[in-house]
Every structure is written in C-alpha cells, then in structure tokens.
Amino acid sequence: MKGKVFVLSAPSGAGKSSLIRELVKQDSKFSVSISHTTRPMRKGELDKQHYYFIDDKEFDKMVGEDGFVEWAHVFSYRYGTAKSTINKLLDSGQNVLLDI
C-alpha cells in the first residue's frame, strides 16, 4: 500500500520538530522527508541526514527540471522538498512527514 503525505506547518519554534520526532518514534510507518538547502551546514549537521546541502547551481537545475514538490526562499537561502525523495518513501509504504 502506498503511503500518504502529511504537512506540518507552523512558525519556527512552534514545536513541529518535537511532534515529528514523537510520531516517528511511536509509529514506524512514518518517515521524515529530508529537504535540500543552499545554506551552509551548521555545526553538528550531517549531509543527507539533516539536509541535502547543495549549491545554487544544483538548486537551479532541480527547479528547472521541476524536481521539487515545493521550494521557497527563506532569508538568503533556498529550501526544497524533492519529488524523488517523497516518491521513494511513498512507494515503500511509508507515510511522509513534511516540516514546512
């Protein structure tokens, strides 16, 4: 059975990440989508675990190829959810949580 997408949207600091951690911990059918970003990696972050860290050129390429479900400018950087990431999880039966 194909999974479903759930979008959690709220201002920064509202508790989205805490809610997502609990859902994933309590139900193995939930997965978190890892976003792509053009911002630099912060201390303690890992590529492909916290974000897919890419440069502006690669982000532009993905936008041009209609590779994102959604993307946005946030301050000086861009963030986006790749269609390929979502589809892979959904096809495996996982419910996907998007932290927007």
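Two aromatic rings of Phe, Tyr or Trp count as a pair if their centres lie within 6.5 Å. In this predicted model, a search of the whole structure by that rule turns up 5 aromatic pairs. One of them joins Phe 59 and Trp 71: the ring centres are 5.8 Å apart and the planes stand at 75°, so the pair is edge-to-face. Phe 59 belongs to helix H2 (residues 56-64) and Trp 71 to strand E5 (residues 68-74), so the pair ties together parts that are 12 residues apart in sequence. Phe 59 is buried, with a relative accessible area of 0%, whereas Trp 71 is partly exposed at 37%. Elsewhere, Tyr 51, Phe 53 and Tyr 79 are linked into a cluster by ring pairs.

Side chains of opposite charge can pair when their charged atoms come close. The count for this structure comes to 8 salt bridges. Asp 56 meets Arg 78 in one of them, at 3.1 Å from N to O. Asp 56 lies in helix H2 and Arg 78 in strand E6 (residues 77-82), so this pair ties together parts that are 22 residues apart in sequence. Arg 78 also forms a salt bridge with Asp 60, where the closest N and O atoms are 2.7 Å apart. Asp 60 is in helix H2 as well, so this second pair ties together parts that are 18 residues apart in sequence. Arg 78 is buried, at 9% relative accessibility, while Asp 56 is partly exposed at 45% and Asp 60 is partly exposed at 43%. Another salt bridge joins Glu 45 and Arg 39, with the closest N and O atoms 2.6 Å apart. Both Glu 45 and Arg 39 are buried.

The next part to follow is a sheet. Its 3 strands form an open sheet in the order E1-E7-E2, with parallel pairing. Strand E1 (5-8) and strand E2 (30-32) stand at the edges with a single partner strand each, so one side of each is left without a neighbour in the sheet. On average, neighbouring strands of this sheet are turned by 30° against each other, direction ignored. E1 and strand E7 (residues 95-99) run parallel and are joined by 4 bridges; Val 7 has Leu 98 in E7 as its bridge partner. Helix H1 (residues 16-26) packs on the sheet and touches E1, E2 and E7, its direction making about 165° with that of E7.

Helix H3 also lies across E1, E2 and E7, and runs at about 150° to E7. Which residues of H3 (residues 83-91) are buried? They are Thr 85, Ile 86, Leu 89 and Leu 90. These residues cover an arc of only 125° around the axis, which puts them on the same side of H3. Ser 84, Lys 88 and Asp 91, on the other side of H3, are exposed.

Leu 90 counts as buried because its relative accessibility is 9%, below the 20% limit. Its contacts, leaving aside neighbours within four places in sequence, are Lys 2, Gly 3, Lys 4, Val 5 and Val 96. Leu 90 and Lys 2 are 88 residues apart in sequence, but their C-alpha atoms are 5.5 Å apart in space. After H3 comes Gly 93, with a positive phi near 90°.

Definitions and conventions. Residues numbered from 1 in each chain as written. Predicted model: local features only at pLDDT ≥ 70, side-chain atom pairs only at ≥ 80, totals over all residues. Heavy atoms only, no water. Buried < 20%, exposed > 50% of the residue type's maximum accessible area, 1.4 Å probe, protein only. Helix = DSSP H or I, 4+ residues; strand = E, 2+ residues; numbered from the N terminus. Arc of directions from axis to C-beta. Phe/Tyr/Trp six-rings, centres within 6.5 Å; stacked < 30°, edge-to-face > 60°. Pairing = 2+ DSSP bridges. Axes fitted to C-alpha atoms, helices over the stretch in contact; angles between N-to-C directions. Contact = heavy atoms within 4.5 Å. Salt bridge = Lys/Arg side-chain N within 4 Å of Asp/Glu carboxyl O.
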